[in-house]
Amino acid sequence: MFALTEKPIRIGELLDSVTRPGAGAIVTFIGTTRDHNEGRKVLALSYEAYPGMAEQELERIAVEAKKKWAIEEMAIVHRTGRVDIGQVSVAIAVSAAHREDAFAACRFAIEEIKRKVPIWKKELFEGGELWIGTQSGQRFHTEPGAEVLGRFAPHSK
Amino acid sequence: MKVKIRLFAILREKAKTGEITKEVEPGTTVAELWRLLQQDYPALDVPGVRLLYAVNQSYVGGEYVLQEMDEVVFVPPVSGGSPCLL
């Protein structure tokens, strides 16, 4: 199961999808929406994905993980649209015969998602909004003094 | 020949559109297309931003030569906030 959804993620279904007779462990990672970030009071997050490629990249992560570790199955579901504070934005489940492989593969999956899956996160905070990853000071600003892409003007109200 | 460009997230907001069909010369690379697009949409002309290129739903290098009706996506930094370099 490698999916995007606009609806709340059902963890039970995710676990069922990786349950295997040969598995002695299921490890999960659940990312939830936090109410603060870098001093800002966060009201909600909004995710936008490139449909098709996003699911394909999720599945590629599982294929890579299966080459590196002895896992049975991996499933990943990511929310799109507005996600309120405390809700699940991403959930990963990995089953394996032994827990070491499941833990390692699960950690790998979340890091890879954040590195290369075309899903973008906009933070809606008190006083404005910001596409995460495009703030000032992040590594992709290669030219000193470059105009900051993504620094949104605060809402006027 | 024509290519289809899709914009997401901050680039969609900057350009105020999510989809553009553009006529390009045969032999144009995806990196060159980005520069052409910035001429059409000055709001996208931001120095220092590092994008990834995706064509037909797979990442490619900037030297990729476009084909008729390719679907091109310029990928701004994804949700983790740190770009990967191809």
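Residues are numbered from 1 along each chain as its sequence is written, and chains are lettered from A and ligands numbered from 1 in the order in which they are written. In this predicted model, local features need pLDDT of at least 70 and side-chain atom pairs count only at pLDDT 80 or more, while totals for chains, interfaces and linings use all residues.

**Confidence**

The predictor gives the complex an ipTM of 0.88 and a pTM of 0.86. Its confidence in each residue is the pLDDT, from 0 to 100. Chain B has a mean pLDDT of 88, with 86% of its residues at 70 or more. Over residues 82-86 of chain B, pLDDT stays under 50. Where pLDDT is low, the predicted coordinates should not be read in detail.

**The sheet**

Helices (H or I, at least four residues) and strands (E, at least two) are DSSP runs, numbered from the N terminus. Five strands of chain B form an open sheet of mixed pairing, in the order β2-β1-β5-β3-β4; two strands pair if DSSP finds at least two bridges between them. Because β2 and β4 of chain B stand at the edges with a single partner strand each, one side of each has no neighbour in the sheet. The twist averages 35° from one strand to the next, with axes fitted to C-alpha atoms (for helices over the stretch in contact) and angles running from 0 to 180 degrees between N-to-C directions. β3(B) and β4(B) pair in the antiparallel sense over three bridges, and B:Ala54 stands opposite B:Tyr59 in β4(B).

**Helix α2**

α2(B) lies across β1, β3, β4 and β5 of chain B, at about 75° to β5(B). A residue is buried with 20 or more other C-beta atoms within 10 Å of its own, exposed with 12 or fewer, and partly exposed in between; C-beta atoms are placed from the backbone.

| Group in α2(B) | Residues |
|---|---|
| Buried | B:Val30, B:Leu33, B:Leu37 |
| Exposed | B:Arg35, B:Gln39 |

The residues B:Val30, B:Leu33 and B:Leu37 are buried. They cover an arc of only 40° around the axis, so they are on the same side of α2(B); the arc is that of the directions from the helix axis to the C-beta atoms.

**A loop residue**

B:Gln57 lies in the loop between β3 (52-55) and β4 (58-60) of chain B. B:Gln57 is partly exposed because 16 other C-beta atoms lie within 10 Å. Beyond its neighbours within four places in sequence, B:Gln57 is in contact with A:Gly52, A:Met53 and A:Gln56, a contact being two residues whose C-beta atoms, placed from the backbone, lie within 7 Å.

Notes: pLDDT = per-residue confidence, 0-100.
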